[in-house]
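Colleague: Could you take me through the strand pairing and the burial in this model, with the cut-offs behind each term?

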Amino acid sequence: MQYKQAVVPWDIGEPQQAVVALENAGAFSGDVLDAGCGVGDNAVYLAGRGYRVTGFDYAATALRQAEQRADALGFDVEFVQSDAMRLDNLPQKFDTVLDSGLYHSLARQQRAEYAAALPKVCRPNALLHLLCFSDEVQDEFPDPHGIGEAELRNTFTGTAWRLAELHRDTYVTAFTREYVEKQAGEQFPRLDTRTLTFDTAGRLTRPIWRLAAVRL
Ligand SMILES: C[S@@+](CC[C@H](N)C(=O)[O-])C[C@H]1O[C@@H](n2cnc3c(N)ncnc32)[C@H](O)[C@@H]1O
């Protein structure tokens with residue numbers, strides 16, 4: 001996959017606020033895996049906080065950018081090209097997994113395969129922190145991938161996972177109000193931009209689930 005869009009929706013040039021808040025709350029430990037790391041800002045941030053971090057993504061372009069960002073800040077992060085449904089090429093097992101926006105990028109069947117593959121790269125009692133668009137997203141901008149609460153409870157409860165926490169939170173995107181309004185006019189005529197929320201820096205925010213699950 002090539003990132004050819006003028007604005008890469010998740011490239012905000014800094015870690016997600018929800019990730020920073022989790023780290024401040026002591027939610028990370030040991031060896032950390034950033035699943036679907038994209039251009040790497042969460043992984044690089046966590047490396048800067050002292051964790052040994054591996055990031056994977058299937059997009060080679062994203063991984064190259066992630067490597068450049070880690071190098072620019074002098075942090076050692078291992079970036080691996082891998083498909084979320086086949087994690088057998090990851091170099092080790094992990095104590096904490098961050099998924100910031102990967103799960104909701106997958107189709108339903110892929111989400112089930114990913115949730116089944118992930119425990120195999122987790123140590124016992126590893127913690128998964130997952131941030132995904134929630135079904136509170138009622139519009140189609142930028143795309144309709146909101147996940148329902150029932151699916152998350154079902155997927156992360158069972159023999160492999162124990163659901164520990166499920167909260168509502170927000171994900172910051174790279175879209176400005178000006179960009180969204182232009183796009184709405186050109187491509188999303190049904191989008192009512194008055195219903196959208198923006199952070200203090202003027203970036204579109206989207207409602208997400210913040211889930212924590214323990215690998216059994
Ligand atoms: C919404 S972006 C989030 C990127 C990053 N985690 C962040 O929060 O900035 C989702 C990422 O998942 C990656 N991705 C999507 N499907 C994937 C798959 N099947 N295997 C690996 N990565 C995938 C995309 O290339 C993209 O970088």
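Colleague: How many bridges join strand 2 to strand 3?
Modeller: This is a predicted model, in which local features need pLDDT of at least 70, side-chain atom pairs count only at pLDDT 80 or more, and totals for chains, interfaces and linings use all residues. Residues are numbered from 1 along each chain as its sequence is written. Helices (H or I, at least four residues) and strands (E, at least two) are DSSP runs numbered from the N terminus, and two strands pair if DSSP finds at least two bridges between them. Strand 2 (residues 52-57) and strand 3 (residues 78-81) run parallel, and the bridges that join them number four.

Colleague: Which hand does the β-α-β crossover from strand 2 to strand 3 have?
Modeller: The chain passes from strand 2 through helix 3 (residues 60-73) to strand 3. A crossover is right-handed if, with the strands pointing away from the viewer, the path from the first strand over the helix to the second runs clockwise; this one is right-handed.

Colleague: Is Asp41 buried or exposed?
Modeller: Asp41 lies in helix 2 (residues 41-48). A residue is buried if 20 or more other C-beta atoms, placed from the backbone, lie within 10 Å of its own, exposed if 12 or fewer, and partly exposed in between. Because Asp41 has 23 C-beta neighbours inside 10 Å, it counts as buried.

Colleague: How many residues of helix 2 are buried?
Modeller: The buried residues of helix 2 include Asp41, Tyr45 and Leu46. Helix 2 is mostly covered, and of its eight residues the number buried is seven.
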